[in-house]
Amino acid sequence: MSHRTDLSPETLAVHAGVDKHEFLPAVPPIFQTSTFAFKSAEHGAALFAGEGKGYIYSRMGNPTTEAAEMSVAALEGGAKALACGSGMAAIHTILATLLRQGDHMVCSEAVYGPTCTLIGKIMPKWGIESTMVDTSNFEAVKEAMRPNTKVVYIETPCNPTLVIADLEAIGNLAHDRGALVVVDNTFMSPLLQQPFRWGADYVIHSLTKFLNGHADVVGGMIVVKDEAQYPPVRRMLNHLGGVLPPFESFLVHRGIKTLSVRMAKHCQNAQKIAEHLEAHPHIEWVLYPGLKSHPQYELAKKQMSGSGAVISFGLKGGLEAGRAMMNAVKLCLLAVSLGGVETLIQHPASMTHASMGAEARRQAHITDGLVRISVGIESVDDIIADLDQALEEAAAQTMSVERERHPAVT
Ligand SMILES: Cc1ncc(COP(=O)(O)O)c(C=O)c1O
């Protein structure tokens, strides 16, 4: 079923994918089944031949999963979507569909750590090469393109450096050179950025983050722009097998209904916190797309309708002070992931981006002192109070360590 294109994202978040069942429940039921009976041998054979209505086996399609897929496809303005067992399964599945031995891809250098490992260390074993570049530098992307470049893979804003790639310019470049553009839109959600509007060919998500929003599901999604792109991705997912089970699909679909109010609150809180941190005496630097000091502030305003929940910053005392701060938070959770209702704080160099290795982190400007926070939807005053007390505690600890090292310091 195709979705309506005349409705706003807030409305689609509530309604898209809901009208699937003959009794028209407000909430689609959970089809918690691995397999589906055929009405006859002929019906079964027809379904396997891709004809007729019905379902076969939940790895090949399930109505609850389809409802969540329709919802995300509608929000992204794509034709169809495929739910996967994790964001990484979505990335693996789309790259396996689009690339073969001898191909080359260009990739943002500061992507999520396991994405970098998949593309930079695992895919070369299959004969697929890549060049990691700063995709906020258009000339660098141009230079990295080769005659056999088939995919340009972009995270924007990048995780965790929050640099922003010009989706329209890179889309035009890639298409001129015969390459396809895949955008990981996890950090923005379709409420804040719709990559298809700027020329992307495929959008992927870690559903684990904003779309589900409640830190209780691991999932991923591949959205295709046109109907014709769907069958090869469906076939690849059927064979790789990393699908999203029905109950998780139900939770994701439920989470999406509140996406617009959650994103508004995430952005509102994060803007206040970023401004507060930028003015804080113990903070060295802050990166947040909503700050005028962000290097691509104008580009962010062009292609994003909000600045998101993720802020990266460095403390004046560097890594040591950052660690002390993370150990001192009382309300914020010291945990990886992002996009849930609760505020999370973490250290990419030793956590989410540890698997990349020190050299890849250095190249991607992921410094050891970088602390990342995913701002939740709690009271912003409570979050700021917690960060402030943790920063004071970190400053006091760093000072006492300095005193021990250099007794003359007072
Ligand atoms: C931007 C981004 N893409 C992809 C992923 C991978 O998603 P998952 O953990 O659901 O496999 C993550 C996870 O943190 C992420 O931050």
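This report describes the fold, salt bridges, cysteines and a surface patch of a predicted protein model.

## Overall architecture

The protein chain contains 15 helices and 12 strands. Its C-alpha trace extends about 90 × 50 × 35 Å along the principal axes. For 410 residues, a compact globule would have a radius of gyration near 22 Å, and the chain agrees with this, because its own value is 22 Å.

Of the 410 residues, 54% count as buried. The accessible surface of the chain comes to about 17500 Å², and carbon and sulfur atoms account for 55% of that area. Contacts also reach across the sequence: among those between residues at least 6 apart, 73% join residues at least 24 apart.

Side chains of opposite charge can pair when their charged atoms come close. A search of the whole structure identifies 7 salt bridges. Three of these pairs are described here in turn.

Glutamate 227 pairs with lysine 80, with 3.6 Å between the closest N and O atoms.

Lysine 150 and aspartate 103 form another salt bridge, their closest N and O atoms being 3.1 Å apart. Here too distant parts of the chain are linked, with 47 residues separating the partners. Lysine 150 is found in strand E4 (residues 149-155), whereas aspartate 103 sits in the loop between helix H4 (87-98) and strand E2 (104-108). The lysine 150 side is partly exposed, with a relative accessible area of 33%. Aspartate 103, at 8% relative accessibility, falls under the 20% limit and so counts as buried.

In the pair formed by lysine 302 and glutamate 168, the closest N and O atoms are 2.8 Å apart. Lysine 302 is in helix H12 (residues 297-303) and glutamate 168 is in helix H7 (residues 167-176), so the pair links parts of the chain 134 residues apart. Both partners are partly exposed: the relative accessibility is 39% for lysine 302 and 33% for glutamate 168. Through shared partners, salt bridges join Asp166, Glu168 and Lys302 into one network.

A disulfide is a covalent bond between the sulfur atoms of two cysteines. The count for this model is 0 disulfides. For cysteine 107, the nearest cysteine sulfur belongs to cysteine 116 and is 6.8 Å away; because a disulfide requires sulfur atoms within 2.5 Å, cysteine 107 is in none. Cysteine 107 counts as buried, at 0% relative accessibility.

Cysteine 267 is likewise in no disulfide, and the nearest cysteine sulfur, that of cysteine 332, is 17 Å away. Cysteine 267 counts as buried, with a relative accessibility of 15%.

## A nonpolar surface patch

Phe38, Phe48, Tyr57 and Met60 make a nonpolar surface patch of about 380 Å². One of these residues, phenylalanine 38, is located in the loop between helix H1 (9-15) and helix H2 (41-48). Phenylalanine 38 counts as partly exposed, at 35% relative accessibility.

Note on methods:
Residues are numbered from 1 along each chain as its sequence is written. This is a predicted model: local features need pLDDT of at least 70, side-chain atom pairs count only at pLDDT 80 or more; totals for chains, interfaces and linings use all residues. Side-chain values use heavy atoms; hydrogens and water are left out. A salt bridge is a side-chain nitrogen of Lys or Arg within 4 Å of a carboxyl oxygen of Asp or Glu. Helices (H or I, at least four residues) and strands (E, at least two) are DSSP runs, numbered from the N terminus. Buried means under 20% relative accessible area, exposed over 50%, partly exposed in between (1.4 Å probe, protein chains only). Patches are made of residues with over 30% relative accessible area and no salt bridge: like charges are joined within 9 Å, nonpolar side chains (Val, Leu, Ile, Met, Phe, Trp, Tyr) within 5 Å. Accessible areas come from the Shrake-Rupley method with a 1.4 Å probe; for residues, only the protein chains shown count as cover. The radius of gyration is taken over C-alpha atoms; the globule rule is 2.2 Å times the number of residues to the power 0.38. Contact means heavy atoms within 4.5 Å.
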